[in-house]
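Dear colleague,

I am passing on the structure we spoke about, and below it I set out what was found in it. Please read the notes with the model open beside them.

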Amino acid sequence: MQEKSLMLAATGDQSEELAGFKQDAYVVIKRNGDAVDFSRSRIESVVRKAMLASDVHANELDEKVTHVTYQTLQVIQEVCPNGGVIHIESIQNCVEKSLMLTGEHDVAHAYILYREKRSQSRQSQASEFVPSIRIKALDGSFKDLDKEGLLHFLKLLAKGLKDVNPVEIMDEAYKNLYDGISYHDLNLALIMVTRPMVEKNPDYSFFAARLLKHRLCEEALTLFQGKAIQLKDPHFDYSKLLSQYIHKGVEYGYLDSKLLEYNFDVLMKAMDCSRDHLLSFFSLQTLYDRYFIHHQDTRMELPQIFFMRVAMGLALNEKNHKEKKAVEYYHLISRLTYMCATPTLFNSGTVRSQLSSCFLMSVEDDLPSIFEHYYKMALISKFAGGIGTSWTKVRANSSWIKGTNGRSSGVVPFLNIADATATAVNQGGKRKGAVCAYIETWHLDIFDFLDLRKNSGDERRRTHDMNTANWIPDLFMKRVHEKGNWTLFSPDDVPNLPHTFGAEFEQHYLKYEEMAREGKILSKTVEATHLWRKMLTMLYETGHPWVTFKCPSNIRNPQQHVGHINSSNLCTEITLNTSPEEIAVCNLGSINLDAHITKAGKVDYTKLKKTIKTAVRMLDNVIELNFYSVDEAKNSNMRHRPVGLGMMGFQDALYQLKIPYDSEEAVSFSDELMEYISYYAIDASIELAKERGAYPSYKGSLWDQGILPIDSIKLLQDNRAKMFPKDETAHLGMDQSSQLDWAEIRQKLKQYGMRNSNVMAIAPTATIANISNVSQSIEPMYMNLAVKSTLSGEFTVVNSHLVKALKAEGLWDDVMVKELKYYNGSIQQIERIPLNIRETFKTAFEVDPSWLIKCASRRQKWIDQSQSLNLYVAGVSGKKLDSIYKLAWKLGLKTTYYLRTVGASDGEKSTIHDGKLNKVTREEKPATDAEFCSIDNPDCESCQ
């Protein structure tokens, strides 16, 4: 963490600056209000005086001064990473902290006493000088700061936020103001002093959002009015700008001209700008940075205009009552009840409306197919699609090439090119290209595939940016269970293995093993347990390849009559057929569960039913409205019409219901909730089939045969029984009970069919969960207090449900905040918190991962696709990983996602003016350097 500064201090080289530190990027505010340039030499002088006052030995003086100075620069860089205005008191706080961090405790003690003495001296003066502050107005003139007027404005802005203190905000901001500060910098100063207060109370995040929203309104109005605007009304109703915005967007070439056909009076009347108050600062900043359409770096959109634009785009194909449907869709997303996936939010209503999240491809074993794949992958990535690709059919290293009579270099060099392509073609300039490569476990290149993400070895045989995943057949798990051997093949010698599964796969595999023993085909035999251990070891060391299961995915596949599933997608929740003629596409959206819990602590199933019905219709509309960059994707989507309705805020719902994640009650709730979602999602698709017709490939599907997702468990159970006839312990351990009466659904299905081949999938929801202020997907809470690093910057995040619970007990105070920081966002060691609260608010690594798997298994009962399931493991061992992933397979999961492990060391802690702990721990990478998914790590992206 401090290697750079320590190295420089040791060498005594004062000429070399701290890496990335630019002192000319900072402006220092003195106590009299003057703004002066930042000077490192002044810090050196202060440190030297403090050292001399504490009788530091002359032989050590220069080295220690250099050491502390560089440490101080590093601390300042952490406090203000992008430069800006910093008060002299803040710099002195940084010096104080640096003295503590470098072990100069006696000097720090003397320095603290000196500062306190000077402070008392200033206060004892008859009248401390209060600097006058002039504001540079938008027209260039200077006006005295009207403190009373500013305070009145802040009070109006804070209306409804009972725990926000506008006086404290203004007083803190005043310290960072200087004479001649610009009007816009004044707004920024207010935001900057509000952000750290979030740790005291989550309401400050919403107050900061209101400050940001006010600035955004002025920015948008400046574009529309053609001149700089200063708004007086903190609650400006901008709904009347919708028509002007749409016309401007079409004129500039950003929006589809079909949006002009709407009746804007109806839409503007429906807009409710007060819903901006639902957005936290994290939410709004994310929308501002990444989602709002802009013109020449000026944001044209405001939050409710953004939501209405998305809704209008999704209602374009509604034949009747288009405005009514647009309003219905607007209400759903603007209330954060349901949220569309990121590509839909990016592109709905635009001239190239690529709205789909996930694309699945498979590569054939010939050069034209391979290089055509790179081209199609680039086109999909360009328009913000995440890609999962099966490379299983590409022949192995040293296999014979008939056309040249030479030997193949295997699949790895081609994967290296795919990795470079994903990096080169980012997602519309908005996020990095995101790709995952899959290979089946019997592939002869499997050991090289496992090493792809290692940081050592031949760089030409590494893929540092592309994700990887194992596509594991049940037969391999059987061999592991039996401690038997496992044979590896080149796919060109075993053409039946890629498209078969279960018991049929085993029959073909045994025949190929016999051919291998006779020396007729290229092969290698290894111990199954050795390969399994290697897979888990690399998963722990590099975070890849992920563990996904081929046979459950295919056996329960509703579309097995027209193909087979060769892999999952980028985030392991999509399980759809692929072929040379079809690139599978899935359209995603997620229900906000937190918004469906009543104040009485019950699930509002009536509201949830209505949400599901509208959401499925929105998702089905995407298929018609979508911009397809490749024909194979359009062919597949139009023929099968799959969608993926998911969820987020599962942990928030548990908090409201007062249910610990690691409990049988949570497992039962997972089952109950997912059954309800499955019931009404299927019902909604049937209703659409009644209105619009069944999807073209419906005939012969499991749906057509009357086999629902809950029924397909029996297919998997029977297959496992065939493969494990003598060992009941290895059979499927999946619960098959149900609570609802499915007779009506079965009857309607028989009569009308399904509009969509697949209806449900639970995606990671990394970004849209942040927009909606909830925990992502089905994840447990990572920390109760943390700094989250994103592409939009760093944000303090505090668990509002915990704050509420502790307030009810009279326990939420400054001491509690500092204890939370000390324990890295955990409350388990804070004994004054009641046990029931500690049980409910366990963080991710405090929940045994078996509970995540049990909850996931109960959901998987009802889902026709899969779910992105991250596994959090503390105290990792080979035995623990072995039991966890075997349990996932036994309980019928189709896929798993990232393995996350506890970091090697606690996050850094720092001090404030009273010397107490004050640093919020960042969400860091695990000790294994395995990347977190999506928004948790700015270098990684997911489909949502």
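Thr-337 is placed in the loop between helix 14 and strand 9 (338–340), helices (H or I, at least four residues) and strands (E, at least two) being DSSP runs numbered from the N terminus. Leaving aside neighbours within four places in sequence, Thr-337 is in contact (heavy atoms within 4.5 Å) with Leu-332, Ile-591, Asn-592, Ala-595, His-596, Lys-607 and Thr-611.

Before going further, please note that this is a predicted model, in which local features need pLDDT of at least 70 and side-chain atom pairs count only at pLDDT 80 or more, while totals for chains, interfaces and linings use all residues. Residues are numbered from 1 along each chain as its sequence is written, and side-chain values use heavy atoms, with hydrogens and water left out.

On confidence, the protein averages a pLDDT of 86, and 90% of the residues score at least 70; pLDDT is the predictor's confidence in each residue, from 0 to 100. Confidence is lowest in helix 1 (residues 3–11), with a mean of 35, and highest in helix 22 (residues 550–555), at 98. The pLDDT is below 50 over residues 1–17, a stretch that has 32 contacts in the model beyond near neighbours in sequence. It is also below 50 over residues 903–943, where the stretch has 144 contacts beyond near neighbours in sequence. Where pLDDT is low, the predicted coordinates should not be read in detail.

Not counting residues up to four places away in sequence, Ala-844 touches Pro-780, Met-781, Tyr-782 and Tyr-872. The C-alpha atoms of Ala-844 and Ser-826, which are 18 residues apart along the chain, are separated by 9.8 Å.

Turning to charged pairs, a search of the whole structure finds 49 salt bridges, each being a side-chain nitrogen of Lys or Arg within 4 Å of a carboxyl oxygen of Asp or Glu. One of them joins the side chains of Lys-322 and Glu-261 at 3.4 Å, N to O. Since Lys-322 lies in helix 14 and Glu-261 in the loop between helix 10 (242–251) and helix 11 (264–270), this pair ties together parts that are 61 residues apart in sequence. Lys-322 counts as buried at 15% relative accessibility, whereas Glu-261 is exposed at 54%.

Another salt bridge, between the side chains of Asp-662 and Lys-842, has an N to O distance of 2.7 Å. It links distant parts of the chain, 180 residues apart, with Asp-662 in the loop between helix 25 (650–657) and helix 26 (664–692) and Lys-842 in the loop between helix 32 and helix 33. Asp-662 is buried, with a relative accessible area of 16%, and Lys-842 is buried as well, at 14%.

Arg-858 and Asp-671 also form a salt bridge, their closest N and O atoms being 3.0 Å apart. Arg-858 lies in helix 33 and Asp-671 in helix 26, so this pair ties together parts that are 187 residues apart in sequence; Asp-671 is buried, at 6% relative accessible area. Elsewhere, a network of salt bridges links Glu-318, Arg-617, Asp-620, Glu-624, Arg-641, Glu-691, Arg-692 and Arg-755.

His-544 and Pro-545 are joined by a cis peptide bond with an omega of about -10°, and Pro-545 is in the loop between helix 21 (528–542) and strand 18 (546–549). His-321, although not a glycine, has a positive phi of about 55°; this residue is exposed, with a relative accessible area of 60%.

As for cysteines, the structure holds 0 disulfides, a disulfide being a pair of cysteine sulfur atoms within 2.5 Å. Cys-340 counts as buried at 2% relative accessibility, and Cys-855 counts as buried at 0%.

With best wishes

Key
Buried < 20%, exposed > 50% of the residue type's maximum accessible area, 1.4 Å probe, protein only.
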